[in-house]
Amino acid sequence: WKADYQMWQEFEQINERRRAPKLPTENPLLPLLGKIEGGEIEAWIEVNHRLLSREQNWFETDLTALTGWQQADKTIHKRMISAALNYVHLGEPQTDQWIGSNLIFPSAFAGYRALCLLLKEAPEKIAQLTNELWQKWSPIIVTFPLSSFDAAQSNSPHQTLTKLAYRHAPEIIIQTLISHIECKNAGGDWLWRNAQPGSGRR
């Protein structure tokens, strides 16, 4: 009888734990956003990694299309937009380490996605960017590897950013494309994926 009673108590305790409301799980982006707001700008790269790794789509440019964004609340969205703007202003694409090569630099890719996010969610911030900032990000804007489908879209975010970059930094755009073409030709696998400056065509 005593053993039966103890077993009954254990079952009741298990059921109580099951009935207890579950505490909400903290969004994994929150600590990273906190780091960015504390001055660790490079944490934006890890924000990109967290969002992209869930779907294993490393060349996605639209962060709002990812599950991590769609499941986040408006407060997190606002903080992400602010983090993207901070990264555009203070982040470094490390252009000299990858320009003219086939290397992929997360720091540059993260900056491109930050620009895409601002263009979609806070276009007024894009309009306020200085010539110096466009010069900094122009190389990755015109060399980001797009799919043939994305490349065929008219009035796409990429085309809009390319036109803006060319307006503010035409010399850098031209120099970057020449270097990129030479790299592709040397490798024997050149594929024209980027808009010609000012043409609006691919």
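## Helix 3 against helix 7

In this predicted model, helix 3 (residues 43-53) packs on helix 7 at an angle of about 80°, and the two axes are 9 Å apart. Axes here are lines fitted to C-alpha atoms, for helices over the stretch in contact, with angles running from 0 to 180 degrees between N-to-C directions. Helices are DSSP runs of H or I with at least four residues, strands are runs of E with at least two, and both are numbered from the N terminus. Helix 3 and helix 7 are therefore roughly perpendicular to each other; that label covers angles of 65 to 115 degrees, while under 35 counts as roughly parallel, over 145 as roughly antiparallel and the rest as oblique.

Helix 3 brings Trp44, Ile45, Asn48 and Leu52 to the contact, and helix 7 brings Pro106, Ser107, Ala110, Arg113, Ala114 and Leu117. Contact means heavy atoms within 4.5 Å. Sorted by class, this contact has 7 nonpolar, 2 polar and 1 charged residues. In this scheme Ala, Val, Leu, Ile, Met, Phe, Trp, Tyr, Cys and Pro are nonpolar, Asp, Glu, Lys and Arg are charged, and the others, Gly among them, are polar.

## What covers helix 3, and how helix 7 sits

Turn to helix 3 on its own and you will find Ala43, Trp44, Val47, Asn48, Leu51 and Leu52 as its buried residues. Buried stands for under 20% relative accessible area, exposed for over 50%, and partly exposed for anything in between (1.4 Å probe, protein chains only). The cover over these buried residues includes helix 2 (29-37), helix 4 (67-70), helix 5 and helix 7.

Helix 7 (residues 106-121) is mostly covered too, with 13 of its 16 residues buried. From its first C-alpha to its last it reaches 22 Å, close to the 22 Å expected at 1.5 Å a residue; the expected span is 1.5 Å times one less than the number of residues. Pro106, which lies in helix 7, is partly exposed with a relative accessible area of 48%. Its C-alpha is separated by 8.2 Å from that of Pro93, 13 residues away along the chain.

## The aromatic cluster

A search of the whole structure turns up 4 aromatic pairs. Rings of Phe, Tyr and Trp (its six-membered ring) pair if their centres lie within 6.5 Å; planes under 30 degrees apart count as stacked, over 60 as edge-to-face and the rest as tilted. One of the pairs, Tyr112 with Phe144, is stacked, at 4.4 Å centre to centre and 15° between the planes. This pair links distant parts of the chain, since Tyr112 is in helix 7 and Phe144 is in the loop between helix 9 and helix 10 (148-151), 32 residues apart.

Both Tyr112 and Phe144 are buried. They also belong to a cluster in which ring pairs link Phe59, Phe109, Tyr112 and Phe144.

Tyr87, Val88, His89 and Leu90 of helix 5 meet Leu133, Lys136 and Trp137 of helix 9. By class, this contact has 5 nonpolar, 1 polar and 1 charged residues.

Gly91 is in the loop between helix 5 and helix 6 (95-98) and counts as buried at 0% relative accessibility. Leaving out residues up to four places away in sequence, Gly91 touches Ile41, Glu42, Asn86, Lys136 and Trp137. Gly91 and Trp137 are 46 residues apart in sequence and 9.8 Å apart in space, C-alpha to C-alpha. Gln94 is found in the loop between helix 5 and helix 6 as well. Gln94 has a positive phi of about 55° although it is not a glycine, and is partly exposed, with a relative accessible area of 32%.

## Helix 11

The 12 residues of helix 11 (residues 157-168) should span 16 Å at 1.5 Å a residue, and the end C-alpha atoms are 17 Å apart, which agrees. Its buried residues are His158, Gln159, Leu161, Thr162, Leu164 and Ala165.

## The whole chain

The protein chain has 12 helices and 0 strands. Of its 202 residues, 39% are buried. Among contacts between residues at least 6 apart in sequence, 67% join residues at least 24 apart.

## Reading the values

Residues are numbered from 1 along each chain as its sequence is written, and side-chain values use heavy atoms, with hydrogens and water left out. As this is a predicted model, local features need pLDDT of at least 70 and side-chain atom pairs count only at pLDDT 80 or more, whereas totals for chains, interfaces and linings use all residues.
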